[in-house]
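Colleague: I would like to go through this model with you. Could we begin with one of the hairpins and work outward from there?

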Amino acid sequence: MTRLKKFVYIIISASLITAIFPFLLPGNVEYRTADASAEVLFKKNVNASMYGISRQYITWLEYKDNAYNIYVYNFSDKSETKVNKQALSVDSVGPYLYQRYVYWIDHLADGWTINRYDILTGETRVLRKTNTRIDTLAIADAYIAYITRSIDTNYNQLFLMNLSDFSERALTDGKTWI
């Protein structure tokens, strides 16, 4: 009976300590990252229309100073960096955050581009430029999948880009609606 009382006492004590001091437990790290990112956006009074979150970074699209720009915030050193060098178009898509890179689609006067910004080096690279509209992209492992839409025919085409050598291949014939 004594062992049972000790066990119950320990369980009740642990429950009370956990209830009173929840910050002592590691908890859900993803939830804390989301809280931190929300805090960054709210404290800075950011009107973010699109954003991406990872454990170390948050990136967002913001209309500020009469222009659309992409910013990235580093949680570890609490630094904020503007990603794009020139203002983005109103119909740009993104940002997408994957590993140490920020990706976005921009509409320029002479076509559409898929861009990648390296957070560690500050280097921006145009991965793809096309005359057809790029509607969306998805990133996983070493690949980007994106969909282009022809303005003339209104058909979509799905492409897959390998990020190791930037080779592309069409996965559809360009005559389908995706």
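**Hairpins, sheet and backbone**

Modeller: This is a predicted model. In the hairpin formed by E10 and E11, six residues lie between the two strands, and asparagine 154 in the turn has a positive phi of about 65°.

Colleague: How many bridges hold E10 and E11, and in which sense do they pair?

Modeller: Seven bridges link strand E10 (residues 143–149) with strand E11 (residues 156–162), and the pairing is antiparallel. Within this pair, leucine 160 in E11 is the residue opposite alanine 145.

Colleague: What stands opposite leucine 160 in E12?

Modeller: That is arginine 169 in E12. E11 and strand E12 (residues 168–170) run antiparallel and are joined by three bridges. Their hairpin has five residues between the strands, and phenylalanine 166 takes a positive phi near 60° there.

Colleague: Let us step back. How many helices and strands does the protein have?

Modeller: The protein has two helices and 12 strands. Along the sequence, the pattern is α-α-β-β-β-β-β-β-β-β-β-β-β-β.

Colleague: And what share of the residues counts as buried?

Modeller: Of the 178 residues, 35% count as buried. The protein exposes about 11,500 Å², of which carbon and sulfur atoms supply 56%.

Colleague: What fraction of the contacts joins residues at least 24 apart?

Modeller: The figure is 21%, taken among contacts between residues at least 6 apart in sequence.

Colleague: Now the sheet with E5 in it. What is the strand order?

Modeller: The order is E5-E6-E7-E8, an open sheet of four strands with antiparallel pairing. Its edge strands are E5 (93–98) and E8 (124–130), each of which pairs on one side only. On average, neighbouring strands of this sheet are turned by 20° against each other, direction ignored.

Colleague: How many bridges are there between E6 and E7?

Modeller: There are eight, joining strand E6 (residues 101–108) to strand E7 (residues 111–118) in the antiparallel sense. In that pairing, tyrosine 103 stands opposite arginine 116 in E7.

Colleague: Aspartate 118 is also in E7. Is that residue buried or exposed?

Modeller: Aspartate 118 counts as buried because its relative accessibility is 8%, and the cut-off for buried is under 20%. Leaving aside residues up to four places away in sequence, aspartate 118 touches Arg100, Tyr101 and Glu123.

Colleague: Changing topic to the backbone: which peptide bond is cis?

Modeller: The bond from glycine 94 to proline 95 is cis, with omega near 10°.

Colleague: Where is lysine 78, then, and what is its phi?

Modeller: Lysine 78 is in the loop between strand E3 (67–74) and strand E4 (79–82). Its phi is near 55°, a positive value in a residue other than glycine. Lysine 78 is exposed, since its relative accessible area is 62% and the cut-off for exposed is over 50%.

Colleague: And aspartate 141: buried or exposed?

Modeller: Aspartate 141 counts as exposed, at 61% relative accessibility. This residue lies in the loop between strand E9 (133–140) and E10, and its phi is positive, near 50°.

Notes:
Residues are numbered from 1 along each chain as its sequence is written. This is a predicted model: local features need pLDDT of at least 70, side-chain atom pairs count only at pLDDT 80 or more; totals for chains, interfaces and linings use all residues. Side-chain values use heavy atoms; hydrogens and water are left out. Buried means under 20% relative accessible area, exposed over 50%, partly exposed in between (1.4 Å probe, protein chains only). Contact means heavy atoms within 4.5 Å. Accessible areas come from the Shrake-Rupley method with a 1.4 Å probe; for residues, only the protein chains shown count as cover. Two strands pair if DSSP finds at least two bridges between them. Axes are lines fitted to C-alpha atoms, for helices over the stretch in contact, and angles run from 0 to 180 degrees between N-to-C directions.
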